[in-house]
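Open the model in your viewer and keep the sequence panel beside it.

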Amino acid sequence: MPHPDAPRTRGARRGGGGSGLSALAALAALPARVRAADPHRRFGTLTRVQGAALTVSGLGGAARIGARLHLASPAGPIAAEVTALDGERATAMAFAPTEHLTTGTPAELVAAEAFLRPSPRWLGRVIDGLGTPLDGLGPLEQGFSPAPLRAAPPPAAERARVGALLATGVRALDLFAPLCDGQRLGLFAGSGVGKSVLLSMFARWADCDVAVIGLIGERGREVQEFIADDLGPEGLARSVVVVATSDAPALMRRQAAFATLAVAEHFRGQGLRVLCLMDSVTRFAMAGREIGLAAGEPPATRGYPPSVFADLARLLERAGPGRVGEGSITGLFTVLVDGDDHDEPVADTVRGILDGHVVMSRRIAERGRYPAIDLLKSVSRTLPHCLPAADNLTRLDARRLLSTFADMEELVRLGAYTPGADAEVDRAIALAPRIETLLTQTKDDRGHPRDAFAALAGLMA
């Protein structure tokens, strides 16, 4: 017989049996919970944070390059994108700062391919690369057709040809480097030579239905200045502005460039003539360099990994004419030339892809002529077919005259040239300043191609 003070083990066992029964019940319910779970949801675990690179384990066989992840952060969910794969591990980069992330954070694979759903109600709005409004005007109305962020360009054999002359309102371009509907032009400029003002003149005056403007890596304080002062209410009303400032993560800067083309492609698919302005392609390439190096790619030309140049070609080829029966995307892509070096890798690659290039000169800007376009270094590959024969003769005559003046300018300034020694040089000295005056414009002085050619023909006569 047990001692009266001995512990009541039988009762203890009975009490413990309740928890055992609960465990058995939970185990029995597990198959039903597994059947009820979404079989398409996949989760991994954040195991490493090194700089901008995030390592996620447990997504082997499910994730692919470009797949979207959601990371559960104490500050709220953080979107990320897979940039590299290695067995069971995926390397990702986030669209937002990662200060709050810790190892062990769950990561859900949420989408294999990202897309936007633009609509005509997006006109007049300012968004980021994920389609989130930045202007405080409320949520965006979503369209019905998805626009993939990484769409392939239309097949070359199915694309329409470049269309007719497009009036830009900028006399220097309309006269010497004309732009056609569906053409892609590069704007090569250093800092501080009036590039943003020239873009705003395009956005307000170019003969198009819709303008899509991508401000990639722009200074934060200049975004509102560009929208309110340079673009203005008239330009904004027919535009969609995509913004990723210089302090945004590299992935967001690259995403903003993809979003700019995705929105432009949507409107092209509606049969509209779209003007796509991107400032700048160089910052897109720099963001790609950060992403590639963080993913482990080897640096190649000036530190740019090979994927950057492949992405540049895929991005720029998305602009241009659509398929027969669709609209067109007329593209103007700015390139920031480092130290005015027009042969650096990004500038050289972009120049080889696009249908012409416009060079802005610091020397001309310092002389006070705006837009500071160097006419002798600018080329449009739609010439001479896009202009009537008479206009081409006038343009070529003026270009020869400007070239002659450029060759003799230093001698004239030094007083080493004797007037009357060469009739062509005398003519260039007399007419070149008048042509410079014709080409000078402010952002409120809109030009027209016919008026510009009539004025130039009058000068040359």
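What share of the contacts in the protein with a separation of 6 or more comes from residues 24 or more positions apart? The share is 71%. Keep in mind that this is a predicted model.

**Whole protein**

Twelve helices and 19 strands make up the secondary structure. The radius of gyration is 30 Å, well over the 23 Å that the globule rule gives for 461 residues, so the protein is more spread out than a compact globule. Now turn the view along the principal axes: the C-alpha atoms fill a box of roughly 140 × 45 × 40 Å.

**Surface**

Switch to a surface display. The protein exposes about 21700 Å², and carbon and sulfur atoms supply 55% of that area. Of the 461 residues, 50% count as buried.

**Helix 3 and helix 4**

Next, select residues 195-205, which form helix 3, and residues 220-237, which form helix 4. Two packed helices are described by the distance between their axes and the angle between them. Here the axes come within 9 Å and cross at roughly 10°. An angle under 35 degrees counts as roughly parallel, and helix 3 and helix 4 are therefore roughly parallel to each other.

Show side chains for the contact. On helix 3, pick S196, V197, L199, S200, A203 and R204. On helix 4, pick F226, D230, L231, E234 and G235. Coloured by class, the residues of this contact divide into five nonpolar, three polar and three charged.

Conventions
Residues are numbered from 1 along each chain as its sequence is written. This is a predicted model: local features need pLDDT of at least 70, side-chain atom pairs count only at pLDDT 80 or more; totals for chains, interfaces and linings use all residues. Side-chain values use heavy atoms; hydrogens and water are left out. Axes are lines fitted to C-alpha atoms, for helices over the stretch in contact, and angles run from 0 to 180 degrees between N-to-C directions. Helices (H or I, at least four residues) and strands (E, at least two) are DSSP runs, numbered from the N terminus. Angles under 35 degrees count as roughly parallel, over 145 as roughly antiparallel, 65 to 115 as roughly perpendicular and the rest as oblique. Contact means heavy atoms within 4.5 Å. Ala, Val, Leu, Ile, Met, Phe, Trp, Tyr, Cys and Pro count as nonpolar, Asp, Glu, Lys and Arg as charged, and the others, Gly among them, as polar. The radius of gyration is taken over C-alpha atoms; the globule rule is 2.2 Å times the number of residues to the power 0.38. Buried means under 20% relative accessible area, exposed over 50%, partly exposed in between (1.4 Å probe, protein chains only). Accessible areas come from the Shrake-Rupley method with a 1.4 Å probe; for residues, only the protein chains shown count as cover.
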